[in-house]
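I opened the model to look up a helix, a sheet and a single residue. My notes follow.

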Amino acid sequence: GAFYLASTLLLPFVAIRAIAQDKESGALKLLLQMPITPVWLVTIKVIAMMIGVTALFLPPLSFVPIWLYLGGHVHMPELLNLLAGHALYALDVAGIAFLAAALSESLSTAAILALTFTLAFWVMDFAATASGGLLHRLSFYSLTAALRQFEQGLFNLPAALAMMLGAVGLFALTATWLPTGTAVREKLLISFLIVLFFSVLAFASSYGRVYIDVTENRRNSFNPADDAALRKMRSPLFVWIYLSPEDSRLKEIEANVLGKLRRTVPHVEVRYEDTSGHGLLSSVPDERYGLVIYEYEGKRAE
């Protein structure tokens, strides 16, 4: 938790200084006059940030040998998966900070822009717990939602590829906007092509349905017999849920059933029905509230 807060709130300021300080001092103009391209300049700064992120890993990792010496147990695949998730998250945050610094003229403006983007993921997750529909679906694509899967012991290849592509795309946009002598129209055109290219790659990566439960007790998976049977379902499985987003039962169903179904069944569609104004303690009763409906090849179970 402390590492996550450091990556979200402190790392952007370190990353911003790597770009903004050069711009404010005039060192950037001198660097760009040397035989070095903006791409290589950004690459060098990314390597420096990776060294900094690695240094952030050292304090929590130092407790692992102590825990093992005291007789504790560490499941190494789950630990490595956790570290990979936090590294990808830190890389995305650094990319946001780099781009904010490249677009801004001052360090303070860049800091405001970077924190606006990083904290927007918190706001999105919080708003999704209080409202359903489109906002609830969009919350699955936030950076924090992707990181949460790694924290829960699940290696999600589409999420990992999307986070990696997002970071590389942000660094490419930074290299585009860093030079001061390029026309804004040209930068906008290149930026559009970069966003289009990486969006297509991210969309294609979503079809790489590779999910690996790296936990020892397979808490992210159904039992092997059910798992094998569910993977044979070729027709679409439809699920209707009549629960408000803030209901704790919906969170339990998401973790214990729906998440596993999405990773196992080839074609599953979950529909969150509008329950605003209705609920267990609401003044407006709804007889369907709490109902979960499953439909497959014309057969229905409630």
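I started with helix H3, residues 38-61, which has 24 residues. Helices here are DSSP runs of H or I with at least four residues, strands are E runs of at least two, and both are numbered from the N terminus. From its first C-alpha to its last, H3 reaches 35 Å, close to the expected 34 Å; the expected span is 1.5 Å times one less than the number of residues.

The model is predicted, so I noted that local features need pLDDT of at least 70, side-chain atom pairs count only at pLDDT 80 or more, and totals for chains, interfaces and linings use all residues. Residues are numbered from 1 along each chain as its sequence is written, and side-chain values use heavy atoms, with hydrogens and water left out.

Next I checked burial in H3. Among its buried residues are Leu41, Val42 and Phe57 (buried: under 20% relative accessible area; exposed: over 50%; partly exposed: in between; 1.4 Å probe, protein chains only). The buried residues of H3 pack against helices H1, H2, H5 and H9 (contact: heavy atoms within 4.5 Å).

Then I looked at an open sheet of 4 strands, in the order E4-E3-E5-E6, with mixed pairing (two strands pair if DSSP finds at least two bridges between them). Its edge strands are E4 and E6. E3 and E4 run parallel and are joined by 5 bridges.

Last, I picked Arg262 in helix H12.
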